[in-house]
Amino acid sequence: MYINIVYFIIIFFPSYVYLCNYQLNNSSGTILLPPYDNNIECTWIFNLSLISNHIHFRSLLLTFHHFDTEYGHDELFIGETIPDVSKYNSKLFRFSGSKLPDPCLMSLRASNLTRFIWMQFISDKTNTGSGFILDYVFLVNPSVTTRTKSPKLLINANIRHPLDNKSRNIQLSYPYPFGTISSPNYPQNYSDNIICRWNLYHQNAFIRLYIEKFHTELHYDTLTLYLGENLNNRAMILYELSGDDIENKHLFIPNDNLFLIFNTDKSNSASGFFLHYHIIEKEIYTINLYDNEGIIYSNNYPKFLRTNIEYTWNIQMNYSNEIEINLIDIHLDYDQDYLQVITGEIIHTLTSPEIFRVQSINETKIILRTKHSNDDYQYRGFKLAYQILNKTIEINNDLQNLPCGKTYSSHNGTIEFNYEITTIFDCLILIEVDDGQNIFLRFDHINWDNKENYIEIGLFHNPHQNQIFHISDTLPGTWFIANDSQIWIRFYSSQFSLDSSNFRLFYSETIGWSTITPDAYVQILDDNRLFPYRLISLPTNDIYHNLTQAYTWHIEALDDECIQIKFRSLQAFKNRRISFHVKDSFKTSEICSTEQFPFIYHHIGSCILSIEPEFIWILVQYNIQIDKFKKITTINEVIFEENNMTLTPSNTLDSYVHIEWLITLNDSSMVIIDVENLDGNTPAKLFIIQDMNTTKSYSLGRISLTRFCHVILSSKSSFKIIYTSLSLPIHNSRRLFRLNLYKISKSYFNNRDFHYISYKKNQTNFQWSIQGQNEKSVFLAKLYSLHKNLSLQTTANVNLSKTNSFIYIPSSNFNVRYNIRNFDFILILYEQQKRNFYQQIILNKTSDLIGTSNFAFYNIHIQSTVFDSIDFIIMKADNGTYIRLYDLSVHNNGYFLLNSSSIITNKVSSLIGLRFSIKSLNIRIELQSLTKNPIQLRYKTQISSIQNKNSRNK
């Protein structure tokens, strides 16, 4: 119904309801997004300065009438523009999926008159939906009727140390430091429209979770884990969990403040979840050592090393001495744990056994800090020996007043450096960072010889890796730097430095998130001699590169040139999400680190390739090759004289080809075009132009089938076929694309694996026998007719009707019969080899996840008097999915057929999420994937209606 409404609005109100990237100046109206394409970005902006017109609106009400997008990938965001805050962090609402959202009431602040309320819709490169329709209205005093029923707050619990727990509104008591959390009423179903909150907190602690059981309504009943206290900031979301595939999952959160929020919608419920938690308190020990030699080792060495500990051994020495360190054994998580030796201004990070000597003043510190997420029993810890040597060294007393070698807390403070440089000088300062915090740095003053001195700033505890800034000639400025255990600041001066050097640095913790982006690096690629051009990240440690500024490449090309961007690899440290963007005057495409690599992107004409940190620093690794190809155009004039002919691209080794075939028929025949697209997902398009008003296009790179057909039903004396391919499927390999053209001259025709049946009204022959080449063959059928409701019967228990996709016939020998005989039709049949895969489901298994990427049988037999039906929900499917269900209790081979071609219509654009029920406990389910993409179904038995009535009476 809503699809019809969409088309009605488009026809009669084409100018105002569905414009993309539009500014809205009215106080009320309708916004419509019709069935959309992949890779689009639409923005609507409410200009409150024009809308208000001296009226003080207090709220904005959005009412949805239709909503259908690909869940989790095609999303509608609503937010407000806030100065100096990234758009990612100013989002207020997010909608995705096929469920109709509740009315959305947004309160407006006075400052909104100078800000903008915006809506943004973004789709990815796979799957689409039918869009959405919503009404908006600005209200002065929202009435009670505009307010929706809020979810009921069922649980609001603080889980913390008894000395920290000052809340008086705790509904339930949970033990500390470990215990269990479950959804309300577990293991029975939870209620609809509820919200539950658990806050786990202890200062400087880490948190471990183990999810033992998890079963909620996929996408709509979610358990969300928030970092810290800012529940309105999506950037602080760690996990959003829903569905069934999350059991036996371990989560480690190196943060001392975690919120678990369980939200359910207004329909459908499940058993919920059951998880274990453990709040790991931080252990801090300081040990003073006065002996001239000794052995130091981690607690419990060599059995196991706990996480979230900080041990400091202070070796007391004379005023100036030399100390020898012999690291005998060390076994840590070197990405998260560290062992350091600090002597004055020198810091040594230890990662492997070694012996070294350092000079020291007064004391030497050995610090061990652990933050590993794995099981504590995986690491031994360390063991070392030390010996103080009686060697006196000369020390400049001025060094004692410098911040070199010191460690500062990240809360806030000022670091001052003032020294007259006379020799080579290397000063390292560390700032400890609490997890979940960012550090705000500001240089209030810098005065030095900028040709000989520099300051470096980096992350982690190793000053030789992960550098973010190198400051040699700059004015005092401000930076935001994200956390990851430590920030190091290194000041270096050469022996040729002149005069004194001084600076003052202010630092403070902040919850603000900001992109580290000084001026972008820009390069223009306009010389053909540059291609192929390689973009390889320059690592600042073993693999990754610190992405601290935007990089932009302007790739210049003519309109008849194709740019090929091959992403050989793209990844980010700790699996963070990072994306490249390809922009032109009309659209922006995104290539993310979640893609399957190598990934190839093509663009006609000039474009801009860019990458930038999204809102914090990020370590990246990428390897990209850019090529540019000139279009090779070929035009062929062909006379179609025989009953069949074959067309192949002549330019089989050119990368970018455009081939046209102008085909003239010596008679007025209908024509079948059999397409053999053996090049797979190579970016190519096929256009079949029958006349000035009739053109059919096929995106060959998005069609999973290697064989499909097009039928020209009306008699034509000529037509045109255009084939455009942007690259070769395999480098220096010939194309395997081919077109087989058949004149429809017989009522039945067979050529190897290709068959067609042509029927004219009142034709005497209305039954045909189809015989495959071998006994294990199956057929794919496609019916063409000008009559929509035409249907054919087969002896393979499959009825053939006019659909948008092929129909699967699980037989190699069958008859086709047409009973009505009033309408013309053409039936195309492709023969394929059947590959079976059988799996027997365990008897009495009342729920399970089943699937295949090819062909599979499953027998499900439930021996129970409690259940009387089986419910199914489709988790993964596409337009090549076929599902057949047989009731094995019935001996007449009756079955229920689910066919994607009969489901995917103008009203339903995806099989995913479709539910259906079978009133039987003894069934066989047959799965077939024509596209070789995964199919997944989840089934669950349902209690009989008698049982339900008895439970209600109780």
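This is a predicted model: local features need pLDDT of at least 70, side-chain atom pairs count only at pLDDT 80 or more; totals for chains, interfaces and linings use all residues.
Local features are taken only where pLDDT is at least 70, and side-chain atom pairs only at pLDDT 80 or more, while totals for chains, interfaces and linings use all residues. Residues are numbered from 1 along each chain as its sequence is written, and side-chain values rest on heavy atoms, with hydrogens and water left out.

The protein chain holds four helices and 71 strands (DSSP runs, H or I of at least four residues for helices and E of at least two for strands, numbered from the N terminus). Of its 954 residues, 50% count as buried; buried means under 20% relative accessible area, exposed over 50%, and partly exposed in between, with a 1.4 Å probe and protein chains only.

Next come the nonpolar cores, meaning sets of buried Ala, Val, Leu, Ile, Met, Phe, Trp, Tyr and Cys residues joined through side-chain atoms within 4.5 Å. The largest has 47 residues, and Ile 663, Ile 673, Leu 686, Leu 739, Leu 741 and Ile 828 have the most contacts inside it. Strand E47 (residues 657-665) is the top contributor to this core, giving five residues. A separate core of 31 residues includes Ala 157, Leu 241, Ile 246 and Phe 262. Back at Leu 739, the contacts beyond four places in sequence include Met 645, Trp 661, Ile 673, Leu 686 and Ile 721.

His 710 sits in strand E51 (residues 707-712) and is buried, at 8% relative accessibility. Its side chain makes a polar contact of 2.8 Å with that of Tyr 698 (a pair of N or O atoms within 3.5 Å; within protein, one must be able to donate a hydrogen and the other to accept it, and residues adjacent in sequence count only if both atoms are side-chain atoms). Beyond four places in sequence, His 710 also touches residues including Ile 673, Ile 688, Gln 690 and Tyr 784.

On to charge: the whole structure has 14 salt bridges, each a side-chain nitrogen of Lys or Arg within 4 Å of a carboxyl oxygen of Asp or Glu. Glu 217 pairs with Lys 99, with the closest N and O atoms 3.2 Å apart. The two residues lie in separate loops, E13 to E14 for Glu 217 and E6 to E7 for Lys 99, 118 residues apart. Glu 217 is buried at 8%, whereas Lys 99 is partly exposed at 24%.

Two further bridges involve strand E21. Lys 282 meets Glu 310 at 3.2 Å, N to O; Lys 282 lies in the loop between E18 and E19 and Glu 310 in E21 (residues 309-331), so the pair ties together parts 28 residues apart in sequence. Glu 324 meets Arg 357 at 3.0 Å, N to O; these residues lie in E21 and E24 (residues 354-369), so parts 33 residues apart are tied together. Shared partners also join Lys 99, Glu 217 and Asp 265 into one salt-bridge network. Asp 265 is buried at 16%, and its C-alpha atom is separated by 4.7 Å from that of Asn 193, 72 residues away along the chain.

Conventions:
Contact means heavy atoms within 4.5 Å.
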